[in-house]
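The sequence and structure are shown first.

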Amino acid sequence: MKNAFDRPRDPRSYPYKLGVFSLLASRVASTTLSRPYAPGTVDCDAFYAGVDEGKVIWSQHQAEAAQ
């Protein structure tokens with residue numbers, strides 16, 4: 001999270017950041033990703049956009065760890 005958000009970039013909403021954090025936390029702990037927002041809401045859309053970024057961050061982490 002620190003590497004993703006402690007640098008200059010476009011601002012992101014709390015639901016977006018929660019999506020990134022939730023995905024990364026679920027991968028580290030091997031748990032199921034929860035859905036904190038109702039489907040079809042703006043917050044849900046932002047959350048899952050953050051989940052998508054979290055997947056990219058996790059993939060990069062895995063690739064670096066494999067080297």
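The structure holds 1 salt bridge, a term used here for a side-chain nitrogen of Lys or Arg within 4 Å of a carboxyl oxygen of Asp or Glu. The model is predicted, so local features need pLDDT of at least 70 and side-chain atom pairs count only at pLDDT 80 or more, while totals for chains, interfaces and linings use all residues. Residues are numbered from 1 along each chain as its sequence is written, and side-chain values use heavy atoms, with hydrogens and water left out.

**The salt bridge**

The partners are Arg9 and Glu53, whose side chains meet at 3.0 Å, N to O. The pair links distant parts of the chain, 44 residues apart: Arg9 lies in the loop between helix 1 (2–5) and helix 2 (14–29), and Glu53 in helix 3. Helix 3 covers residues 42–66. Helices are DSSP runs of H or I with at least four residues, strands are runs of E with at least two, and both are numbered from the N terminus.

Glu53 touches Ala4, Phe5, Arg9, Tyr16 and Val20, residues up to four places away in sequence not being counted. Contact means heavy atoms within 4.5 Å.

| Residue | Relative accessibility | Class |
|---|---|---|
| Arg9 | 27% | partly exposed |
| Glu53 | 16% | buried |
| Ser30 | 66% | exposed |

The buried residues of helix 2 are Pro15, Tyr16, Gly19, Val20, Ser22, Leu23, Leu24 and Ser26. Their cover includes helix 1 and helix 3.

Helix 2 and helix 3 pack at an angle of about 45°, with their axes 6 Å apart. That angle makes helix 2 oblique to helix 3, since angles under 35 degrees count as roughly parallel, over 145 as roughly antiparallel, 65 to 115 as roughly perpendicular and the rest as oblique. The axes are lines fitted to C-alpha atoms, for helices over the stretch in contact, and angles run from 0 to 180 degrees between N-to-C directions. On the helix 2 side, the residues making the contact include Tyr16, Val20, Leu23 and Leu24; on the helix 3 side, they include Phe47, Glu53, Ile57 and Trp58.

Most residues other than glycine have a negative phi.

**The chain overall**

The chain has 3 helices and 0 strands, and its elements run α-α-α from the N terminus on. Its C-alpha trace spans about 40 × 30 × 15 Å along the principal axes. Of the 67 residues in the chain, 28% are buried. Among contacts with a separation of 6 or more, 54% are between residues 24 or more positions apart.

Methods: Buried < 20%, exposed > 50% of the residue type's maximum accessible area, 1.4 Å probe, protein only.
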